[in-house]
Amino acid sequence: MSRIMVVDDSNFMRLFIKNMVKTIGHEIVGEANCGEEAIGQYIKLKPDLVFMDITMPGMPGINAVKEIIKLDKDARIVMCSAIGQEIIIKEALHAGAKDFIAKPFQLCDIKKSIEKYAKK
């Protein structure tokens, strides 16, 4: 069972992802609604995998990824966003994200990301 953290400014999207994660048998250890909160939660919880939105108020997801990677070079973060432009995807991966899944996504997308990227 992997320990997952969900970061998104939308309550609905956090709940949607959390329900998917729980459905496939993994644990939600934390959640955040902005980049700053994500960094604090990551430090405290050390999740196996983080699903993070790109566009959020305050610190954007890509900046949060950069800060988390500075603190833990082995952090596993998958970006989730409706913004699927190639330049944004490349920027997220260059910042240290392991992968990018475009919204709307399905249960199989979440499952594949957990299987491929969660720390074993």
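Modeller: Start with serine 81. Setting aside neighbours within four places in sequence, serine 81 is in contact with Asp53, Ile54, Phe100, Ile101, Ala102 and Lys103. This is a predicted model, and serine 81 sits in its strand β4. Is serine 81 buried or exposed? Serine 81 has a relative accessible area of 2%. The cut-off for buried is under 20%, so serine 81 is buried.

Two of those partners lead on to other elements. Asp53 is a contact of serine 81, and β3 covers 49–53. Ala102 is another contact of serine 81, and β5 covers 99–102.

Which residues of α3 are buried? They are Gly61, Ile62, Ala64, Val65 and Ile68, in a helix that spans residues 61–71. These residues cover an arc of only 155° around the axis, which places them on the same side of α3. What do they pack against? Their partners are α2 (35–45), β3 (49–53), β4 (77–81) and α4 (86–95).

Take α2 next. How is such a pair described? Two packed helices are described by the angle between their axes and the distance between the axes. For α2 and α3, the angle is about 20° and the axes are 9 Å apart. The two helices are therefore roughly parallel to each other. Their crossing is right-handed. On the α2 side, the contact is made by Gly35, Ala38, Ile39, Tyr42 and Ile43. On the α3 side, Ala64, Glu67, Ile68 and Leu71 take part. Ala64 and Ile68 are also among the buried residues of α3.

At 31% relative accessibility, proline 60 counts as partly exposed. How far is proline 60 from lysine 22 in space? The C-alpha atoms are 26 Å apart, and the two residues are 38 apart in sequence.

Helix α1 covers residues 11–23 and includes lysine 18. Lysine 18 is buried, with a relative accessible area of 14%. Beyond its neighbours within four places in sequence, lysine 18 is in contact with Val6, Ile28 and Glu31.

The aromatic rings come next. How many aromatic pairs does a search of the whole structure find? The search finds two. In one, phenylalanine 12 and phenylalanine 16 have ring centres 6.1 Å apart and planes at 15°, so this pair is stacked. Both residues lie in α1, four residues apart, or about one turn of the helix. Phenylalanine 12 is exposed, at 60% relative accessibility. Phenylalanine 16 is partly exposed, at 32%.

The other pair joins phenylalanine 16 to phenylalanine 105. Their ring centres are also 6.1 Å apart, but the planes are at 45°, so the pair is tilted. Phenylalanine 105 lies in the loop between β5 (99–102) and α5 (107–117), so the pair ties together parts that are 89 residues apart in sequence. Phenylalanine 105 is buried, at 5% relative accessible area. Together, Phe12, Phe16 and Phe105 form one aromatic cluster.

Note on methods: Residues numbered from 1 in each chain as written. Predicted model: local features only at pLDDT ≥ 70, side-chain atom pairs only at ≥ 80, totals over all residues. Heavy atoms only, no water. Buried < 20%, exposed > 50% of the residue type's maximum accessible area, 1.4 Å probe, protein only. Arc of directions from axis to C-beta. Contact = heavy atoms within 4.5 Å. Phe/Tyr/Trp six-rings, centres within 6.5 Å; stacked < 30°, edge-to-face > 60°. Axes fitted to C-alpha atoms, helices over the stretch in contact; angles between N-to-C directions. Parallel < 35°, antiparallel > 145°, perpendicular 65-115°, else oblique. Left-handed = near helix turned anticlockwise from the far one by under 90°.
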